[in-house]
Every structure is written in C-alpha cells, then in structure tokens.
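The following note collects points for a colleague to check against the model. Please read each one with the structure open.

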Amino acid sequence: MANTQLLGLFEDPQKVADAMGELKGAGFPVEDLDIYSGSPFPEGAFGEHEAEHRLFMFPLVGALIGFSIGLLWTAGTQISYPLITGGKPILSIPPMTIIMYENTMLGAILFTVLGVLFESRLPKRDLGLYDERITEGYIGIYVDCPVERAGAAEAVLNSNGAEEIKKA
Amino acid sequence: MAHEEHAIPQVPTHQEIASDIMARFQNVNQRYWSWVSLLALLFVGGIVGFVMRLSDGFDDRSNWGYYTATLSFLASTFLAMPIISAGLRLAKANWRRPLTRLTENMAITGVLIWFMLIPALIALPPTEGRLSVWFDFPHWMAFRGGNLMVWGTVVLIGLFLLWLLAVPDLAAVRDHMPASPRGKLARVLSVGWTGNTRQWRVLHSGALLFGAFYLLLYPTLQTLLQADFQAGLLPGMKDAIAPATALINALQGAVGLTLVVMYVMRRFGGYERYFGIDQFWALSKPLLAFSLLWFYFWWGSFITFWYGRQPGESELIRFMVLDSYRYPLMVSFMLNFIGPLVALVWNPVRRSIWGPTIVGAGVLVGALVNHIRWYVAPFSVPDPPAGEAWPHVLPEIPAGQLPGAADALIVVGGIAGAVLLFMLINKIIPVVSMWEVGEGLRLVKVRRFLARYAMVIAKSH
C-alpha cells in the first residue's frame with residue numbers, strides 16, 4: 001500500500017492541538033504524525049508521539065572506550081619503557097588518572113556528537129516536506145498516511161484552520 | 001482609594017522576535033567593520049609582540065610571564081563563559097534565555113586560546129627534579145601532551161555545545177537569509193534541521209550532556225593551569241585549594257564579562273529588549289556571591305601559609321603578597337572583593353543596568369592584574385643550577401616584573417584577538433537565540449492579580 005505525506009501549516013498552536021486530536025480520533029496512528037516547529041513546545045503539548053531516543057547510551061559507550069584507551073596508553077608506555085625512580089612502582093597512578101579521565105571525557109563527547117547526529121537522523125541533504133515559515137514561528141503537522149486516506153487527513157487539517165497544506 | 005492602573009505588559013510573539021533578531025543579524029554596518037578593523041590591528045600588534053618574544057627564544061622563561069598571564073586570563077574569563085550557559089540551563093532559569101547564546105558564542109575564543117597554549121608549554125621546564133602533578137613522567141607526552149589534550153577537549157566541548165544549540169537558528173538563517181556566503185555556511189552548519197519532535201528532544205538531551213561535560217572538564221583545565229604554570233615553578237608552593245580558587249575566580253570573571261558584553265550589545269548593538277533589567281539584576285547576585293568566595297578562598301590559602309611559617313611559606317608570602325607583588329594583589333583585592341561587596345549589597349545598584357556593568361568591568365581589570373601576579377611571578381623564578389633538584393624555598397625573592405613593550409602588545413593583542421573572534425562569530429550565529437527566546441515567550445502569560453497584572457512563568461518541563 002503506497003504512502004503519501006502531508007504538511008499542514010498553522011499559526012495558532014491551539015489549532016494544532018485541536019487538529020492533532022481530531023486526526024487521532026479519525027484513526028491516524030500517532031506514530032505517523034509529527035510536529036515541526038521553530039522552537040520547542042513542552043513535551044506532549046499537542047498530544048504528539050514522544051519518540052524515544054537512546055542518546056544517553058552513546059556517551060556511556062564512548063566513555064568506556066576512552067577510559068580503556070587511556071589505561072592502555074598510559075600503562076602500556078610505562079611498561080614498555082620502564083624507568084624505576086627511587087624504587088617506586090613503575091605505574092604512577094596519579095598522573096595516569098589525569099590522562100585516563102581526559103580520554104574518558106574525550107570518548108564521551110565524541111560519541112555524544114555521533115549520538116546527536118544519529119538520533120536526530122541528521123545530516124540530511126534534502127529537507128523533504130518542509131516550509132521555511134516554520135523557522136518564523138509557524139507550526140507544521142506532518143502526516144504520513146496511505147494515499148487513499150490523504151483526503152481525510154487534508155479535510156481535518158483544513159477544518160482546523162491550516163493556512164496551507166503541502167503534499168509530497 | 002483608587003489604585004493606579006498599570007499598563008498591561010505586552011508579550012511579543014515568536015514571529016516578532018525572530019524577524020527582529022534576523023534583521024539585526026543581517027545588518028553588518030560600517031561601525032561593525034570599524035571595530036573589527038581596530039581589533040584586527042591590535043591583534044596583529046599582539047602577534048608582533050609574540051614574534052619579538054619568540055626571537056629571544058625560550059631560555060629566559062621570565063620573557064613569557066605576561067604571555068602566560070594573558071593566556072590564563074583568557075582561559076579564566078572568555079573560556080569560562082559557556083559554564084554560565086550550562087549551569088543556568090541545568091537550573092532551568094527562564095531569565096537566561098536571551099543571554100546564553102552570547103556566552104556560548106564565546107566558546108569560539110577557545111581556538112585562539114588553544115594555539116596560545118603551545119608556546120606557553122614550550123616555555124615550561126622539564127618535570128624532572130621538581131614538584132608537579134606529573135611526578136617524574138619524563139616523556140614529552142606527559143605535561144605538554146596532557147595539557148594540550150585537556151585544553152583541546154574543553155575547547156571541543158564548547159564548540160559542540162555552541163553548534164548544537166545554534167542549529168535551529170542556523171536553520172532559520174538558512175531559510176530567510178538572502179543568498180550569500182553566510183547563508184551558505186548556515187546551510188552547511190544546520191545539517192538539514194527541520195525542527196521535528198525527535199530533533200528537539202535530542203537537542204535538549206544533547207545540550208544537557210555537553211553542558212555537564214563542560215562543567216566536569218573545565219575544573220581539570222584550571223587544575224593543570226595552576227599546577228603546571230604556577231605551583232610547579234614556585235618553590236614552597238603547596239596550596240591544596242589553589243585549583244578551586246582559580247575556578248571560583250574564573251566563574252567571577254565569566255559573570256563579569258557577561259555583564260560587560262551584555263551592556264555593549266545593549267548600548268551599541270540595539271539589543272535593549274533582550275538584555276534588560278532582569279538579566280543584569282539576576283546576574284549581579286552570583287557576581288556578589290563569587291566576590292565573597294573570592295575573599296574566602298584567598299583567605300583560606302593565605303592563612304595556611306601565614307600560620308605554617310615554614311621558610312618556604314614565609315618566602316612565598318613575601319614574594320606574592322607582601323613585597324614584590326603587593327600592589328597587584330591590592331588592586332585585585334579592591335576590584336574583585338571590596339568593590340563588588342560595597343556596591344552590590346545595595347538593592348538599587350544590583351537592580352540597575354549600570355551598577356552590575358561597572359562592577360563587572362572592575363572585576364575583569366582585577367582578574368587581569370591578579371593573573372599577572374599569579375603567572376608573571378612564578379615565571380620570574382630562575383631555574384636551579386644544572387643537575388640540581390628544584391629547591392623547596394625561594395633562594396632569593398625576585399623583584400616584581402613590569403611589562404615591556406612586547407608584553408603590553410601581547411596582553412592587548414591577545415584580548416583583542418578573543419573579542420575579534422567573538423565579533424566575527426556573531427555574524428555567523430545570531431548573538432541572541434531566537435528559538436530559546438521564542439520558547440520562553442510561550443511559557444509567559446500576563447494575568448490579573450488583585451489590583452495589578454502579574455507575569456506568570458510556567459516551567460518548561
């Protein structure tokens with residue numbers, strides 16, 4: 001079954017909330033609806049689907065990798081080139097912690113950047129169905145639905161005061 | 001008795017704010033270029049001063065004291081500013097919305113600061129035979145590589161924080177800026193942002209993470225700065241709270257600089273409606289708190305040395321407090337503690353535009369003088385004779401070192417270079433965040449409250 005996409009543009013947030021409620025009432029799955037806005041609204045303000053993300057896992061993995069590299073690097077260099085000073089142990093823990101901590105943080109931030117891009121599904125060369133007025137303060141309702149239900153979705157968007165409806 | 005009817009406060013719409021900020025962002029007038037030219041000239045002067053020092057080599061470390069003081073001043077004011085953004089965002093302060101972008105844009109100065117770090121590290125002596133956090137790590141990788149990595153990571157975090165929080169506004173620039181190199185750059189940097197629900201959720205979480213990373217790593221930078229560029233060069237210096245002192249001073253400097261920049265943007269950039277009394281008033285409170293902490297930490301260190309009375313401690317007090325660097329300490333004491341305390345305890349001063357700005361400017365001057373004391377002094381201590389370990393007591397107290405022509409050029413040029421980068425980035429990324437201000441507007445409602453109108457602000461999450 002072929003799908004199509006619609007983007008209804010609104011100026012009034014209340015109308016967006018009403019349209020979202022009506023779309024859900026008309027049987028459009030909430031996962032197929034999305035909100036585009038130039039600034040964020042409190043979560044769930046429009047009754048939209050709150051997409052889960054796993055961003056917090058990325059820095060954890062990065063930190064573990066960074067810590068491991070830091071440990072191998074500092075311990076490896078000292079063991080490879082042993083310089084015994086005053087009978088002290090070869091591994092000098094305090095300066096090692098600085099490098100290990102730094103590597104942990106570096107790993108965490110690099111993976112966070114990757115996580116932000118991956119979880120946001122960015123970068124995108126083609127903006128897809130989009131309108132420049134969104135960054136001016138307009139709000140868009142994005143509907144992904146079967147072709148035969150596009151008319152019903154359009155009717156809901158129109159009846160709630162959409163200023164324009166774009167189609168893919 | 002009839003009550004005076006106050007005018008109902010008008011809350012602007014997102015559209016009004018976005019078009020106003022975009023108009024200011026697009027406007028690059030003659031005055032802007034005049035300032036950029038002047039700053040570029042001063043920066044070139046700084047490079048000339050640097051080349052003069054470079055031509056003398058690194059054998060005489062005292063030549064590099066003012067250079068290092070400039071580096072540490074920049075790292076403790078400009079580079080500390082993203083902490084304000086991270087901290088206030090974590091605290092969910094609504095009044096921060098117009099000013100956090102300004103503090104994030106300052107992260108760009110980290111690029112200059114990182115490059116300035118390289119000669120300062122070369123000027124440091126090897127770690128063998130002297131006290132340092134690197135113990136006897138003889139390898140080049142230890143303190144030089146370690147410092148470059150830590151500072152570099154702090155700079156990277158700042159730049160990632162800036163980029164992430166600017167992406168929605170870069171998308172606005174992409175959408176509304178006429179075809180131009182700036183518009184093209186915004187298109188690249190906005191990476192195809194459309195502002196859907198998932199992107200906003202990830203942006204919120206990512207900003208919190210980067211902010212937390214900055215807060216976690218910046219103290220490490222200050223610790224290395226204190227340990228490698230001061231304590232490791234000063235015989236007898238054993239101050240456990242020195243890194244914490246430096247951190248508190250950096251936070252004070254960051255708040256002071258934020259106030260001054262807000263005033264300049266308000267006065268000369270036309271941003272009056274964004275940097276209002278709320279922002280100045282709110283920031284004056286942490287400025288007062290950091291000023292009190294300035295004294296608390298300074299006193300905490302001083303009293304330990306004073307009561308210790310070991311030869312190394314007594315000589316250090318003479319060198320850094322009573323004799324050679326007495327006047328810089330007095331200037332800093334007045335501008336970083338007494339001045340802010342006396343001025344900011346008064347409500348009318350705190351609750352004004354000019355009061356916190358003047359205090360903030362004073363704090364910056366005091367911080368610069370204090371950094372000169374902190375880093376010119378240890379750089380003027382000569383190395384021990386070849387083959388001998390570093391002493392635990394100053395063999396003789398060096399005289400206070402006044403700046404030469406090259407030093408003056410470096411100090412002025414370094415600061416001008418940082419301001420120049422800030423001015424340039426402001427024409428790539430809007431200095432006021434459209435999306436954050438827009439988000440805040442939606443959380444504000446004007447309600448009737450008894451005989452007056454009150455502004456009610458909702459929590460965003």
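This is a predicted model: local features need pLDDT of at least 70, side-chain atom pairs count only at pLDDT 80 or more; totals for chains, interfaces and linings use all residues.

1. Residues are numbered from 1 along each chain as its sequence is written, chains are lettered from A and ligands numbered from 1 in the order in which they are written, and side-chain values use heavy atoms, with hydrogens and water left out.

2. Chain A contains four helices and four strands, arranged from the N terminus as β-α-β-α-α-β-α-β. Its radius of gyration is 26 Å, well over the 15 Å that the globule rule gives for 168 residues, so chain A is more spread out than a compact globule. Here the radius is taken over C-alpha atoms, and the rule is 2.2 Å times the number of residues to the power 0.38. Helices (H or I, at least four residues) and strands (E, at least two) are DSSP runs, numbered from the N terminus.

3. The C-alpha trace of chain A spans about 85 × 35 × 25 Å along its principal axes. Among contacts (heavy atoms within 4.5 Å) between residues of chain A at least 6 apart in sequence, 81% join residues at least 24 apart.

4. Of the 168 residues of chain A, 45% count as buried; the classes are buried under 20% relative accessible area, exposed over 50% and partly exposed in between, with a 1.4 Å probe and protein chains only. Q78(A), in helix α2 (residues 57-80) of chain A, counts as buried at 10% relative accessibility. A polar atom of the Q78(A) side chain lies 3.0 Å from the backbone oxygen of T74(A).

5. The loop between α3 and β3 of chain A holds R121(A), and P123(A) is also placed in the loop between α3 (93-119) and β3 (139-146). R121(A) has phi near 60°, a positive value in a residue other than glycine, and counts as partly exposed at 44% relative accessibility. The peptide bond from L122(A) to P123(A) is cis, with omega near 0°. Most residues other than glycine have a negative phi, and most peptide bonds are trans.

6. In chain B, K92(B) is found in the loop between α4 (81-90) and α5 (100-105). Phi of K92(B) is positive, near 55°.

Note on methods. A polar contact is a pair of N or O atoms within 3.5 Å; within protein, one must be able to donate a hydrogen and the other to accept it, and residues adjacent in sequence count only if both atoms are side-chain atoms.
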